[in-house]
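Let's walk through this structure together, starting with how its strands pair and ending with its domains. Have the sequence and the 3D view ready.

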Amino acid sequence: MLDRSAKLTATGVVIEYWLGRSRTIFTAVDGVDLVVRPGEFLAIVGPSGCGKTTFLNAVDGLLPISRGSLSLDGREIKRPGPDRAMVFQQPGLLPWRTVLGNVMFGVEAQRTMSRRDAESRARQQIELVGLIGFENAYPLELSGGMQQRVNLARALLTDPEMLLLDEPFAALDAQTREMMQLELLKIWSKTRKTALFITHDIKEAIYLADRVIVFTRRPGRVKKVVEIGLSRPRDLRIKRDPQFLTYEDEIWESIQEELAVPAERLIAGVPAA
Amino acid sequence: MSIKEADAVMPVTAGDTDPQREKRSVVRPSRIKQYEPVVIGTLSVIFVLTVWQLVANARIMPVLFLPGPTDVSQAFVKLFQTDEIWLDISTSAQEMGIGYGMAIVIGLAIGLGMGWYTRFQYAMDPFVNFFYSTPRIVLIPLFIIWFGIDMPSKIAVIFLGALFPIIINTMAGVRNTEAALLRVARSFGASDALIFRRVVLPGSVPFILTGFRLGIGHALTGVVVAELIAARHGVGQLIAIAGQTFQTPKMLAGVILIAGTGMLLTTILQRIENRFQAWRPQIRR
């Protein structure tokens, strides 16, 4: 049942792995079904440790899935590929390379672009993420927010079919985070890349996304899907809109239920980690 | 698109001469503070030399037991008036150059191999640990049997001395590659070869250079000790003979020659290390 209107299709995705040296299998994700539509901004929220980052890693191809299927544009995902690009929670910049060199690293690794092309297009991306004048700065000379801009530019330069974002603003201070959300939306509205955004911040999810998916506690499953009917472009003030607050309440309640689940149900079959 | 002000603040690194940044009102470390290490170091050396000279001048002990700095420097000058010294220096320098050069090439290869291939590390670990914890000097008699008392036996000692610090540091450099960087590289589909060349190797450079620097100390010890035991020429041999014939000032002159060489080479390597860490903002107290 191939859904032609889907960019990413996940059907019954189960992700399990061996826990360190112990002889127990750890189920991080247990039967996720979801569809990401082309051009959609989808956010996944869930209590911490619910397997949402694990799921994203599987979409990126960094982690194999145990059961189910995961496909992008009808092609099964087996390993990382140039059709996906990840923006990591930790910027992961090469400290000995300048901003320009770091932005170029993604396409360099993929070998999809000549050096000259890469450089001129990297400069455009640097402009897009607002880092003009910092091309020759080293990562350790940059603030956390600026490092994440480089992280984003590196992913955008590879021109992926789908942008994967793993809590990219989680380590930033509250004000910088809000500014980065605003800028991310501006950049996204220019490129309209299909985006899958992982976060534990409910407001962030609602503000950014077209749809918000709530994961259950570990092992993660889709608990709830909330369509966000807020019009775009969105201003930061929209976060105080009554409609916004209704969504927030709804999602918060859903997560709250998960946090209140008795411990026995959570560890069924799995010794406490 | 505007960058938030808090976002745009950049730490200004010391010793930066970019004129654009100079205009900003950033407190620079004062000149005096900058030269403090050199000034204090020099003063302390002068002080110790003075005390040494005064004690020696009092002649409580004969020159044989306690020569003063002037005696040693006279011996140093006299040393360089002979022709033999040049033969000694060139002998030791060649031994050092060949032995240390081989240690760099082979140590780097083995260290990178051990860092990158876990199984190779498992295979090599017992030997590396064995040799690293053995004073390699005790092998000198064996090397003399194998290679004779001329250069090759000295080269072997120097090579083994410098080899292990280089192997161990190089391996540590490869192993210390940040997991986050590897994940990023894998996520972008980088090949193993590309990860090695563009991520692991550049990240290991500071460790590798530290290995080279530590290797110099071991190599110099190797030169001197190997020549002390048996040699025809060399600075170590010069020290040994001067010591055995009670020419203490000459002996100390030889020691200074070795120590000076060590300090010079170490400083050069330290400079190179600093150069390769230009991306690290300088930390000053």
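Two strands pair if DSSP finds at least two bridges between them; helices (H or I, at least four residues) and strands (E, at least two) are DSSP runs, numbered from the N terminus. This is a predicted model, in which local features need pLDDT of at least 70 and side-chain atom pairs count only at pLDDT 80 or more, while totals for chains, interfaces and linings use all residues. Residues are numbered from 1 along each chain as its sequence is written, and chains are lettered from A and ligands numbered from 1 in the order in which they are written.

Start with β6(A), which runs parallel to strand β7 (residues 162-166) of chain A and is joined to it by 4 bridges. One residue to look for is R84(A), whose bridge partner in β7(A) is M162(A).

Now step back to the whole sheet. In chain A, 6 strands form an open sheet with mixed pairing, in the order β6-β7-β8-β3-β9-β10. Its edge strands, β6 and β10 (222-227) of chain A, each pair on one side only.

Next comes F88(A), in the loop between β6 (84-87) and α2 (99-110) of chain A. F88(A) is buried because 21 other C-beta atoms lie within 10 Å (buried means 20 or more other C-beta atoms within 10 Å of its own, exposed 12 or fewer, partly exposed in between, with C-beta atoms placed from the backbone). Leaving out residues up to four places away in sequence, F88(A) touches N151(A), D166(A) and V184(B) (contact means C-beta atoms, placed from the backbone, within 7 Å).

Finally, chain B is divided into domain 1 (5-9 + 11-57) and domain 2 (69-275), with bounds from an automatic or database domain assignment. Taken over C-alpha atoms, the centres of these two domains of chain B are separated by 30 Å.

Definitions and conventions. Two residues are in contact if their C-beta atoms, placed from the backbone, lie within 7 Å.
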